[in-house]
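This briefing walks through one protein structure, topic by topic, for a reader who is meeting it for the first time. Please keep the sequence and the 3D view open while reading, and find each residue as it is named.

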Amino acid sequence: MKERVILAIESSCDETAVAILRGDKLLINAVSTQISMHQQYGGVMPELASRLHTENIVYTLDTALKDANIKLEEVDAFAVTRGPGLIGALHVGLQTAKTLALLYHKPLIPVHHLAAHIYASEFVKPLVFPLLAIVVSGGNTELVVMEKHLDFKTIGETRDDAIGECYDKIARVLNLGYPGGIPIDRLAKTGEATYKLPSPALGGSYDFSFSGLKTHVINLVNNTKQRGEEINVPNLCASFQKVAIDAIIKKGLKAAKEYKVKQVVIAGGVSANSYLRSEVLAKFPKIGVDPAIPPLWCCTDQAAMIAKLASYLYDEKVLAGYDLGVDPNWEIEDFREF
Ligand code: KG4
């Protein structure tokens with residue numbers, strides 16, 4: 001029997017990506033990142049992101065097809081990130097996928113970006129249910145429980161900033177460059193958690209608030225500079241990283257027990273963090289929960305995860321009409337509504 005070919009497109013933030021999945025085999029995972037273009041602004045500039053996606057999408061698509069040795073006629077379905085993300089950026093991928101689906105008379109699969117981050121783990125090991133997903137990225141911080149495939153329940157989330165946003169803004173005030181997660185992670189290893197910082201954990205719920213922690217660190221840096229004193233940057237990085245990640249681990253462990261999960265999956269850009277990864281590996285097996293730690297290429301934005309989740313959506317016939325639009329604030333529970 002001919003194996004199904006899915007071509008997936010991702011353009012929700014600052015990566016233009018195309019992946020092709022044949023059966024379970026990932027033929028190509030082409031990613032064109034815009035990071036160097038946004039670095040001068042200290043964060044992603046939405047308008048620039050949309051323009052760069054427009055410039056890069058055809059080249060990325062072409063490269064993916066050539067490297068995978070696949071012709072567009074062989075593709076059985078086109079999948080695309082519909083949200084959440086930057087509205088203009090999402091539009092570029094969505095219009096491309098719609099055009100291809102229309103031209104080749106093929107199904108169009110709308111994919112939820114965060115749900116896809118969870119499914120990225122399937123490139124390492126199968127998802128085992130019930131599971132807890134710790135979704136930590138530049139735009140989101142969520143604890144999601146899944147009882148079975150395509151069943152998402154958000155039990156906790158940030159009420160303001162995402163943890164990745166917090167990393168990036170703290171890195172900016174410390175002049176560490178963008179994206180901030182990598183230098184803070186590196187410097188934290190050489191420092192000690194000597195600064196006392198407010199926890200982002202909101203008591204009594206699975207929710208978080210990262211804006212207070214972010215503002216506290218920014219004020220601390222500015223006030224110290226005004227007094228003509230020096231910040232111990234490695235110690236501040238270690239202190240921030242510890243208080244931020246510890247809050248997530250603590251709530252994650254509580255949720256894992258309450259929902260009797262068998263597996264914990266970490267997902268999103270911040271899941272590349274070395275302290276988060278080592279804490280998940282150290283703490284969850286002790287309560288009988290198997291950790292699924294994706295390789296680093298799976299943590300950041302790419303289209304392989306879009307194709308992976310799309311293969312489940314295709315089987316469930318979660319398909320869209322050619323009038324599909326983007327949704328920058330799409331909730332994970334509403335992934336069948338578009
Ligand atoms: O998921 P992602 O690639 O983009 C979206 O948010 O869509 O996540 C990017 C975020 C940035 O905030 C970046 O600073 C953070 O992931 N990040 C990290 C690390 N590597 C990337 N945060 C902490 N530690 C890291 N090693």
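This is a predicted model: local features need pLDDT of at least 70, side-chain atom pairs count only at pLDDT 80 or more; totals for chains, interfaces and linings use all residues.

Lys283 and Glu279 both belong to helix α9 (residues 274-283), and because they are four residues apart there, about one helical turn separates them. Their side chains meet in a salt bridge, with 2.6 Å from N to O.

**Salt bridges within helices**

- A second pair is formed by Lys169 and Glu165, whose side chains meet in a salt bridge with an N to O distance of 3.1 Å.
- Lys169 and Glu165 both lie in helix α5 (residues 163-173), where they are four residues apart, about one turn of the helix.
- Lys169 is partly exposed, with a relative accessibility of 23%, and Glu165 is also partly exposed, with a value of 22%.

- Arg336 and Glu316 meet through their side chains in a salt bridge of 3.3 Å, taken from N to O.
- This pair links distant parts of the chain, since Arg336 and Glu316 are 20 residues apart, each of them in the segment after α11.
- Arg336 has a relative accessible area of 43% and is partly exposed, while Glu316 is partly exposed with 44%.
- Through salt bridges that share partners, Asp161, Glu165, Lys169 and Lys214 are joined into one network.
- Across the whole structure, the search finds 13 salt bridges.

- The protein is divided into domain 1, which covers 5-118 together with 299-334, and domain 2, which covers 128-293.
- The centres of the two domains, taken over C-alpha atoms, are separated by 27 Å, and the contact between them takes 18 residues from domain 1 and 21 residues from domain 2.
- The size of an interface is often given as the accessible area that is lost when the parts come together.
- For domain 1 and domain 2 the buried area is about 1,700 Å², with 70% of it on carbon and sulfur atoms.
- On the side of domain 1, Leu114, Ile118 and Cys299 supply 34% of the area buried against domain 2, which is more than any other three residues supply.
- How many salt bridges are counted between domain 1 and domain 2? The count is zero, although four residue pairs are found in polar contact across this interface.
- Both α4 (113-119) and α11 (304-315) supply at least two residues of the side of domain 1 that touches domain 2, and α4 gives the most, with four residues.
- That side of domain 1 is made up of eleven nonpolar, four polar and three charged residues.

**A buried serine in a loop**

- Ser11 sits in the loop between β1 (5-10) and β2 (15-22), and with a relative accessibility of 2% it counts as buried.
- A polar atom of the Ser11 side chain lies 2.7 Å from the backbone oxygen of Ala89.
- Apart from its neighbours within four places in sequence, Ser11 is in contact with His53, Ala89, Leu90, Val92 and Gly93.

**Backbone features to look for**

- Most residues other than glycine have a negative phi, and most peptide bonds are trans, so the cases that follow deserve a look in the 3D view.
- The peptide bond that joins Gly83 and Pro84 is cis, with omega about -10°, and Pro84 is found in the loop between β4 (77-83) and α3 (87-104).
- A cis peptide bond also leads from Phe129 to Pro130, with omega near -5°, and Pro130 has its place in the loop between α4 and β6 (131-136).
- Leu150, in the loop between β7 (141-146) and β8 (153-157), has a positive phi near 55°, and at 8% relative accessibility it counts as buried.
- Asn175, in the loop between α5 and α6 (181-188), has a positive phi of about 55° although it is not a glycine, and with a relative accessible area of 68% Asn175 is exposed.

Definitions and conventions: Residues are numbered from 1 along each chain as its sequence is written. Side-chain values use heavy atoms; hydrogens and water are left out. Domain bounds come from an automatic or database domain assignment. Contact means heavy atoms within 4.5 Å. Buried area is the accessible area (1.4 Å probe) that two parts lose on being put together, summed over both. A salt bridge is a side-chain nitrogen of Lys or Arg within 4 Å of a carboxyl oxygen of Asp or Glu. A polar contact is a pair of N or O atoms within 3.5 Å; within protein, one must be able to donate a hydrogen and the other to accept it, and residues adjacent in sequence count only if both atoms are side-chain atoms. Ala, Val, Leu, Ile, Met, Phe, Trp, Tyr, Cys and Pro count as nonpolar, Asp, Glu, Lys and Arg as charged, and the others, Gly among them, as polar. Buried means under 20% relative accessible area, exposed over 50%, partly exposed in between (1.4 Å probe, protein chains only).
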